[in-house]
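I opened this notebook to keep track of what I looked up about the ligand and the pockets of one structure. I wanted to go slowly and write down each thing as I found it.

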Amino acid sequence: VKLGKNFLVLFSDDRFLSVSSAELIMEKIRKIVEKKGEAKIGLPTGNTPQKIYELLRTDYKDDPVWEKVTLVQLDEYVDADPLLPESFHYQLKEALVNHVKLKRFISLNGKAEDKEKERKRYEEEIKNLGALDLLLLGIGRNGHLAFHEPGIKTSNLVEIVNLSKETKEDNRVNFSQAFTLTLNTILKAEEIILLASGERKKEIIQKAILGAVSLDVPASYLQTHNQTHIFFDRSATGEG
Ligand code: PGA
């Protein structure tokens, strides 16, 4: 389905969503590298993309294109130890970074002693890198993208935010703050793929796509981006 300049792609189930996404992501990375000589991509953690990563690190593990890829971490809990499974840094490494030969992995240190300094360091990294070529995103039940939580207004590229109660519950963590790329960085990406799977995402996907563009639902800003594809499976439409 075409929605303005963007596409909504509905898959029959989660497996088909993952297989098709993995294939498409590789195809897009190859095209970007062909055109620009390298690719800058952002990948999320969370449950939704895990099957995709499994495919990337098995079926596409030896693809030489990875050597041209710079991977950017989107967010991290403040105080999470990069060496422990609690951190998104660790989770991304396990999911993909340890399995393919990347050009570079740009990551956050949740354990940094001075968090404002770490925020600034990361912001500098992101600024120097320039716009991401491809950004894969999940969506929180409250409409957050990365950890840009509802209501957060900022002009920064990277922000330290307080996590909402809902987010802490969904992610089953006690961390109260996180570093995150903000909507400012997210919306600069040339191409965005938003992934949503499961009945629990139905309501927020509807709001994000059809509702008013508002910071109350950060994902609604994707309506203003001209290269966004939303991939969801039938369960995320509520049809089971
Ligand atoms: P999930 O998380 O993939 O685990 O549902 C998405 C998110 O909170 O952004």
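**Entry 1: the model.** Before anything else I noted that this is a predicted model, and I kept that in mind while reading every value.

**Entry 2: the neighbours of the ligand.** Which residues surround the ligand? I found Gly46, Asn47 and Thr48, then Gly138, Ile139 and Gly140, and finally His144, Arg200 and Lys201. When I sorted the residues of this shell by class, I counted six polar, two charged and one nonpolar.

Entry 3: I then looked at which atoms of the protein lie by oxygen atoms of the ligand. For Lys201, an N or O atom of the side chain is 2.6 Å from an oxygen atom of the ligand. For His144 I again found a side-chain N or O atom, here 2.8 Å from a ligand oxygen. With Asn47 the atom belongs to the backbone, where an N or O atom lies 2.8 Å from an oxygen atom of the ligand. How much of the ligand's accessible area does the protein cover? On its own the ligand has 280 Å² of accessible area, and the protein covers 86% of that.

**Entry 4: the largest pocket.** I asked next where the ligand sits, and the space it takes turned out to be the largest pocket. This pocket holds about 760 Å³ of space. Its lining consists of 36 residues, and those nearest its centre are Thr45, Gly46, Asn47, Thr48 and Asn171. I noticed that Gly46, Asn47 and Thr48 are also among the residues that surround the ligand. The elements that give two or more residues to this lining are α1 (14–36), α2 (50–58), β5 (75–77), α3 (88–97) and α5 (165–171). Which element gives the most? It is α5, with five residues. By class, I wrote down 14 polar, 11 nonpolar and 11 charged residues for this lining.

**Entry 5: the second largest pocket.** Last, I turned to the second largest pocket, which has about 220 Å³ of space. Leu24, Glu27, Lys28, Lys31, Ile32, Lys35 and Lys36 line it, together with Asp133, Glu190 and Glu191. Here α1 gives the most to the lining, with seven residues. How does this lining divide by class? I found eight charged residues and two nonpolar ones, with no polar residues.

Conventions
Residues are numbered from 1 along each chain as its sequence is written. This is a predicted model: local features need pLDDT of at least 70, side-chain atom pairs count only at pLDDT 80 or more; totals for chains, interfaces and linings use all residues. Side-chain values use heavy atoms; hydrogens and water are left out. A residue is near a molecule or strand if one of its heavy atoms lies within 4 Å of it. A polar contact is a pair of N or O atoms within 3.5 Å; within protein, one must be able to donate a hydrogen and the other to accept it, and residues adjacent in sequence count only if both atoms are side-chain atoms. Accessible areas come from the Shrake-Rupley method with a 1.4 Å probe; for residues, only the protein chains shown count as cover. On a 1 Å grid over the protein atoms alone, a cavity is a set of points where a 1.4 Å probe fits but cannot get out, and a pocket is an open set with protein on both sides within 12 Å along at least five of seven lines; lining residues have an atom within 4 Å of a point. A molecule sits in a cavity or pocket if more than half of its atoms lie within 2 Å of its grid points. Ala, Val, Leu, Ile, Met, Phe, Trp, Tyr, Cys and Pro count as nonpolar, Asp, Glu, Lys and Arg as charged, and the others, Gly among them, as polar. Grid points are joined across faces, edges and corners, and a volume is the space filled by probe spheres set on the points. Helices (H or I, at least four residues) and strands (E, at least two) are DSSP runs, numbered from the N terminus.
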